[in-house]
Amino acid sequence: MKIVVQVKLLLDAVQASALAATPHGCNESADWVSRIAFEHRVFREYALRKHTYAELKARGLGAQAAQHVIKKVADAYAALHATIRAGNLGKPWLEAPGEG
């Protein structure tokens, strides 16, 4: 049996501000992790974790959020590399008008 319950969060101004800032902070962290991955040419999750985890924790991300950010970046690079290998990097170039 599945029970569905609707919940409404009642936040004060400080809590609402912190909740709104969380995705922004995670995105900034993911950008930083991506830059480190690209600079060091380290795209696998475990190797990327060695380069970035301590700094993410020092920046105030919790353990779970830090792991999630690292995994998302590693997965994004894996998907990009697979797309490139498959030759599916965007639409094929169209001929210029008057050519062909």
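Visitor: What makes the pair of Lys 71 and Asp 75 a salt bridge?

Guide: The name asks for a side-chain nitrogen of Lys or Arg within 4 Å of a carboxyl oxygen of Asp or Glu, and because the N to O distance between the side chains of Lys 71 and Asp 75 is 3.3 Å, this pair qualifies. The model is a predicted one, in which local features need pLDDT of at least 70 and side-chain atom pairs count only at pLDDT 80 or more, while totals for chains, interfaces and linings use all residues. Residues are numbered from 1 along each chain as its sequence is written, and side-chain values use heavy atoms, with hydrogens and water left out.

Visitor: Where do Lys 71 and Asp 75 lie?

Guide: Both belong to helix α3, four residues apart, which is about one turn of the helix; a helix here is a DSSP run of H or I with at least four residues, numbered from the N terminus.

Visitor: How do you know that Glu 45 and Lys 71 also form a salt bridge?

Guide: Their side chains meet at 3.9 Å, N to O, so the value is still within the 4 Å limit. This pair links distant parts of the chain, with Glu 45 in helix α2 and Lys 71 in helix α3, 26 residues apart. Glu 45, Arg 49, Lys 71 and Asp 75 are linked in a network of salt bridges.

Visitor: Which residues of α2 are buried?

Guide: They are Leu 48, Thr 52 and Leu 56, and what covers the buried residues of α2 includes α1 and α3.

Visitor: Where does α2 bend, and by how much?

Guide: The bend, which is the angle between axes fitted to the seven residues ending at a residue and the seven starting there, is about 45° at Thr 52.

Conventions. Helices (H or I, at least four residues) and strands (E, at least two) are DSSP runs, numbered from the N terminus. Buried means under 20% relative accessible area, exposed over 50%, partly exposed in between (1.4 Å probe, protein chains only). Contact means heavy atoms within 4.5 Å.
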